[in-house]
Amino acid sequence: MPTNLAIDDHLLQEAQKLGRHRTKRETVNAALDEYIQRRKQQELLSLFGKIDYDENYDYKRERRRKRA
């Protein structure tokens with residue numbers, strides 16, 4: 001889908017250089033991918049301290065039990 005965007009040329013050139021991307025399109029796609037990953041990580045941070053876990057849980061034992 002063709003889209004026209006007014007992107008700061010200096011920022012785009014710097015991102016392209018730092019990321020060693022060959023094209024502007026590759027640079028923008030990588031930047032969007034990184035943005036999405038960071039936002040998802042921030043959502044996970046809000047869960048710290050809210051999820052209880054069992055310190056005695058042995059995932060290897062559970063895996064063996066499922067096979068049997």
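Axes here are lines fitted to C-alpha atoms, for helices over the stretch in contact, and angles run from 0 to 180 degrees between N-to-C directions. Helices (H or I, at least four residues) are DSSP runs, numbered from the N terminus. This is a predicted model, in which local features need pLDDT of at least 70 and side-chain atom pairs count only at pLDDT 80 or more, while totals for chains, interfaces and linings use all residues. Residues are numbered from 1 along each chain as its sequence is written, and side-chain values use heavy atoms, with hydrogens and water left out.

1. Let me start with the helix pair. Two packed helices are described by the angle between their axes and the distance between the axes. For helix 1 (residues 9-19) and helix 2, the axes come within 9 Å and cross at roughly 85 degrees. The two helices, helix 1 and helix 2, are therefore roughly perpendicular to each other (angles of 65 to 115 degrees count as such).

2. Next, the residues at this crossing. Helix 1 brings Leu12, Ala15 and Gln16 to meet Lys24, Thr27 and Val28 of helix 2. Have a look at Thr27, which sits in helix 2 and is buried, with a relative accessible area of 3%. Buried means under 20% relative accessible area, exposed over 50%, and partly exposed in between (1.4 Å probe, protein chains only). Setting aside neighbours within four places in sequence, Thr27 is in contact with Leu12, Ala15, Gln16 and His21 (contact means heavy atoms within 4.5 Å).

3. Arg20 deserves a glance too. Most residues other than glycine have a negative phi. Arg20, however, has a positive phi, near 55 degrees. Arg20 lies in the loop between helix 1 and helix 2 and is exposed, at 75% relative accessible area.

4. How many salt bridges does the structure hold? There are two, each defined as a side-chain nitrogen of Lys or Arg within 4 Å of a carboxyl oxygen of Asp or Glu. One joins the side chains of Arg22 and Glu26 at 3.9 Å, N to O; Arg22 is exposed at 73% relative accessible area, and Glu26 is partly exposed at 30%. Another joins Arg38 and Glu34 at 3.2 Å, N to O. Arg38 and Glu34 are four residues apart in helix 2, so about one helical turn separates them. Arg38 is exposed at 52% relative accessibility, whereas Glu34 is partly exposed at 43%.

5. Finally, the surface. Leu44, Leu47 and Ile51 form a nonpolar patch with about 290 Å² of accessible area together. Such patches are made of residues with over 30% relative accessible area and no salt bridge, with nonpolar side chains (Val, Leu, Ile, Met, Phe, Trp, Tyr) joined within 5 Å and like charges within 9 Å; the areas come from the Shrake-Rupley method with a 1.4 Å probe, and for residues only the protein chains shown count as cover. Leu47 lies in the loop between helix 2 (24-45) and helix 3 (59-67), and at 37% relative accessibility Leu47 counts as partly exposed.

Definitions and conventions
Angles under 35 degrees count as roughly parallel, over 145 as roughly antiparallel, 65 to 115 as roughly perpendicular and the rest as oblique.
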